[in-house]
Amino acid sequence: MTLAGGVAEYGAHMIHLDNVTKQYDLPSGKLGEIVAADRLSLDVAAGEVFGLVGPNGAGKTTTLKMICGLQAPTSGRVTVNGVDVQKEPEKAQGNIGYLADFFSLYDDLKVWEYLDYFARAYKMDRAAIPGRVEEVIRLMNLESKRDALIGGLSRGMKQRLGIGRAIIHDPPLLVLDEPAAGLDPKARVELKELLKALHAAGKTIFITSHILADLEEICTSIAIMEKGRLLRIGPLEDVMREGQEVRRFRIGLAGEGFALVDWLAAREGLTEVAGSRAEAEFAFAGDDAALAALVRELVAAGAAVCAIEEMTETLERLYSRVSSGEVM
Amino acid sequence: MSLLFANPELIRNARIQLRPGRVIAAAVICAVVSATAWESITRSDVEVTIYRLTRAGAVLTLIVTLQVLILLIGGGLFCLQSVHREKDLNTFDYQRVTRMTSLELAIGKLFGAPILAYFVVLCLMPVALIAAVEAHISVELLLAAYLVLLLGSITYHALALLISMTIGRGGGGSAIAILIFLAAAGLTYSPEVYSRWTIWSVSPFVAADMLSPEFAGETVTVFGRTFVPVRGLRDFLFGWSVPHLAFLVVIYVAFTAWFLLGIRRNLKKEPALYEIYSPFQAFGLSMFIALLMLAAFPWTTTFESGPMRVGTFEFAWHPTAPHAVEASLLRVGIFVFAALGLALLRNRERVRRRFREFGSRVWGSAVWPAPYLVAAVGVTGGAIVALVNHFRYPASDWDTRLAVYQVIFLAVWLTRDALYLQWMALRRGKRPLLTAILYMGVFYGSVCVTFGALNLYNNARSAAATAILVPTPLFAQGIDFWQEQRGLWIAALFLQGAAALIFAWLQRERLREFEAAEVEAV
């Protein structure tokens, strides 16, 4: 058995949410209701790395838990690898490896015992369990801690063990809730590499994270969620392109003797001009020829242009613009 | 067997609890306790007189009592933590998301959580066996005692697991759960059980009593109370003689099955959607308990002039007037019906899901859980009335209309309170059901104290009037009270019914809010 063992046919729907709503009362003492998921419909194809981003309380964790069968939708239907999670939870859960945001392990168990427990709990072939346990220990780089009690592991090691638990039964789908939370930079890099390896091995990964730069690096599709609704969803490039209705540029000058922002703001076709005397950003609706003409005009006006670059949309920027309602 | 021995949860618990260091420590402590018990009793200069046991027999009963204590209470406390603690540690979701079924997980916890207690019991077996041989205890008797110990402990462990599943996070719930469990374990060993019913103690502590062969056929006085020894004892169910051991095995197995059913239905569900039993199952369980209650009542002797005698022991059920017996049995039944009512109550999430699944049936839902409650009281009350009527002396004071009235009144009163609790449970807010129960407790406490202080229960007119608010006078009601103020009693019944309808209407209004929210959502 290898990393690539449990994969689904590429392109087939691994996760399907059909008009899913989850509604519940506010916890302890507060009056009111939460609609954690509001008529969500989405499909995640097999082999994708799907990132779900949104502020705290957007409904990300609830959505993940509904996919895993840990919470039942108030209405709607969730299927994983074609299996209805509500109707056949154990069968659906056999396809899922899950890592929660507030993860916790059994401190009194040894590393190998922990993995062995979950291998048995996922009803793996008894004869294959010892080999798979050793393989996952190796993959997670925990060989030196094989016989150590979990209570004595560092947080990074515990997180690796948590992911090891999620892949122990070689599921085609990994559902990870904030897997990088609380990790130091080195552990984060290791985690990212591990997720890339799992993706390369054909796993479908459904992930939430507050570290958007990491998501941008590993996700093939993305959804932005707020107040239980999906504001944007699709392949990463499409979502980024959609968000970018006009191109954005940054111009840099050598020296501060020119009133750059004022000059740009007075031009037609330029919007959202901001910056300083030596550097400015702006949105530009024209084509490349119009841009070339603008630069020529700027140079003719006496500005010592030393740099001009097109600013690509980052997930972080898109997310902040979408979630603030700037882009709908 | 693979459900048990290849159970991952059992193996996990065994690995954590039976580490070599812990096992050695437990074994050493048990060896010390065994040696101390043996030496102190067998070499004592003091003559062993209690229960007229041989010295070895006294060691055996002591060790078995210790084993019951460790397995029943110690193991039970582990079971009480088994789900609750996993929720606190955030590890429970990982178990829920595996392919283990609810039953597999439940069985793993049922036998895995108390595994250290089982090990300690095993460590005490050598001295128990030596003592049994020395005391000439038969193999059959020893096996019977350990069967009771084992099956009884499993039953209580299943109860502890069910409680553990239902309590929320935090220490408060845990403390209450421990109290409930200890109360359940203690109540079943209450000496009161011996003298009130025709069955003997159902506590696993009976295992120790069973190993006192010298008791057979003789009575024993302990703390001023007279008991018949347990060995060879027979229970009387509807007057039929049944071996106590067989009765114990049947009820242990039956209750374990009921508890496991509740756990299996819910363990892997989202806690907000817990429904311990389906309405039909809850009704079935309440009827099973009611049947046990009626079966264990000394019908054939209660109405005789003297108490029932078995050997030299006397069953004493007082009073023996038919209406008083009926009222007493209804009073006992209230606990069963109240538990049924509480089990049937729906929380907001369940109501919301029902609306989504079945559409709005506001009026149908507004009377919930009245249908099942009325049916339970009706069936049980009807059986009580029929049995009392059958067994009573023909010449004794008996008014069938009064008996039927008491059953109807009880059904309406319980329905009123259940509808109030259901209405309150659908409020938004923190623990609405608990708040409702608290309000109800304050209401009953203050009203009963006030009415008692004003001496209102002592004359027919004022007693009937108080029945409008509280059912207290119903159970102290004699035929003379009933005949004197029949109109007022019936008026009280109708007013109780009117109160029930008001709560149904209030619940309907609450349900309309859900309906409106659903329409808005769509």
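Two residues count as in contact if their C-beta atoms, placed from the backbone, lie within 7 Å. This is a predicted model, where local features need pLDDT of at least 70, side-chain atom pairs count only at pLDDT 80 or more, and totals for chains, interfaces and linings use all residues. Residues are numbered from 1 along each chain as its sequence is written, while chains are lettered from A and ligands numbered from 1 in the order in which they are written.

**Chain B**

Chain B has 26 helices and six strands. Helices (H or I, at least four residues) and strands (E, at least two) are DSSP runs, numbered from the N terminus. Of its 522 residues, 40% are buried, that is, with 20 or more other C-beta atoms within 10 Å of their own.

Helix α4 (residues 55-82) of chain B meets helix α8 (residues 115-123) of chain B, with axes that come within 8 Å and cross at roughly 170 degrees. Axes are lines fitted to C-alpha atoms over the stretch in contact, and angles run from 0 to 180 degrees between N-to-C directions. The pair is therefore roughly antiparallel, α4(B) against α8(B); the term covers angles over 145 degrees. From α4(B) come Q67(B), I70(B), L71(B), G74(B), G75(B) and F78(B); from α8(B) come A117(B), Y118(B), V120(B) and V121(B).

**Where the chains meet**

In all, 28 residues of chain B touch 35 residues of chain A. On the chain B side, α2 (8-17), α6 (92-96) and α18 (348-358) each give two or more residues. The two contacts in chain B divide by class as follows.

| Contact | Nonpolar | Polar | Charged |
|---|---|---|---|
| α4(B) with α8(B) | seven residues | three residues | no residues |

Ala, Val, Leu, Ile, Met, Phe, Trp, Tyr, Cys and Pro count as nonpolar, Asp, Glu, Lys and Arg as charged, and the others, Gly among them, as polar.

**Chain A**

Chain A averages a pLDDT of 84, and 88% of the residues score at least 70. pLDDT is the predictor's confidence in each residue, from 0 to 100.

An open sheet of six strands runs β6-β7-β8-β3-β9-β10 (chain A), with mixed pairing. Strands pair if DSSP finds at least two bridges between them. The edges are β6 (96-99) and β10 (229-235) of chain A. Inside the sheet, β7 (residues 173-177) and β8 (residues 204-208) of chain A pair in the parallel sense over five bridges. There V175(A) stands opposite F206(A).

Key: Buried ≥ 20, exposed ≤ 12 C-beta atoms within 10 Å, placed from the backbone. Parallel < 35°, antiparallel > 145°, perpendicular 65-115°, else oblique.
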